[in-house]
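Here is a short tour for anyone meeting this structure for the first time. Have a look at the sequence and the model, then read on.

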Amino acid sequence: MDRQWNRLLALIVRDGLLIGLAVLLWVWTLDAGPAQTATGYALHLGTALMTVLCGYLLHEWGHLIGALLVRANVVLPRMFESPFLFRFDLHRNSRRQFTWMASGGFVSSLLLVAFLLVALPAGLLASQVALGLTGLGVLATLVIEVPEFWGVVVKGGPLPTGAAFVTTASGRVERPAGR
């Protein structure tokens, strides 16, 4: 996290504003009631999509909090450089740090699903779409992240590589030439 505090603050502000917008959309949706017009359908779908986006962001924040709890080395990308909140440094981090980082995302997702199941009002289109798309996100996590986690933690395999990871010795994000 050395020299990355401004990026972290910017991400906190960005995601706080997005969550605030989601809350505002829910207030408007609840005030409008069931979708009966084109505007109502648009409001419900927009609310659901913003809820799912916030769910994704909370999943990513869970990963970051898990990583930071064990002082893992992470690289925060520039604001719109990556769909990931951070990149995990494979060169500088241990299996234990990977386990905590991965687990943070799983725990945050479970808490989010539990919250949505309790908090979202039954019978509203926004609730149904938000829960359905969140379910697809959880399924994607099961398909993409759980096998990697299982391979590292249970089978003792190598740490995964990919877009969410940094593999350089310096920990810097490699940028394409010309940028």
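## Two helices side by side

Start with helix 2 (residues 38–69) and helix 3 (residues 95–119), which pack at an angle of about 145° with their axes 6 Å apart. Axes here are lines fitted to C-alpha atoms, for helices over the stretch in contact, and angles run from 0 to 180 degrees between N-to-C directions. Helices (H or I, at least four residues) and strands (E, at least two) are DSSP runs, numbered from the N terminus. Helix 2 passes helix 3 in a right-handed crossing, a label used when the near helix is turned clockwise from the far one by less than a right angle.

Which residues of the two helices meet? On the helix 2 side they include Thr51, Gly55, His59 and Gly62, and on the helix 3 side they include Trp100, Gly104, Phe106 and Leu112. Contact means heavy atoms within 4.5 Å.

## Where the model comes from

This is a predicted model: local features need pLDDT of at least 70, side-chain atom pairs count only at pLDDT 80 or more, and totals for chains, interfaces and linings use all residues. Residues are numbered from 1 along each chain as its sequence is written, and side-chain values use heavy atoms, with hydrogens and water left out.

## The chain as a whole

The protein chain has four helices and three strands, and along the sequence they follow the pattern α-α-β-β-α-α-β. Its C-alpha trace spans about 55 × 40 × 30 Å along the principal axes.

Of the 179 residues, 41% count as buried; that means under 20% relative accessible area, while exposed is over 50% and partly exposed is in between (1.4 Å probe, protein chains only). Take the contacts with a separation of 6 or more: residues 24 or more positions apart account for 72% of them.

On the surface, Leu49, Leu133, Leu136, Val138, Leu139, Leu142, Val143 and Ile144 form a nonpolar patch with about 720 Å² of accessible area together. Such areas come from the Shrake-Rupley method with a 1.4 Å probe; for residues, only the protein chains shown count as cover. Patch members have over 30% relative accessible area and no salt bridge, and nonpolar side chains (Val, Leu, Ile, Met, Phe, Trp, Tyr) are joined within 5 Å, like charges within 9 Å. A salt bridge is a side-chain nitrogen of Lys or Arg within 4 Å of a carboxyl oxygen of Asp or Glu.

Helix 4 (residues 125–153) gives the patch its largest share, seven residues. Leu136 lies in helix 4 and is exposed, with a relative accessible area of 52%. Val153, also in helix 4, is partly exposed at 36% relative accessibility. Val153 and Phe98 are 55 residues apart in sequence and 9.0 Å apart in space, C-alpha to C-alpha.
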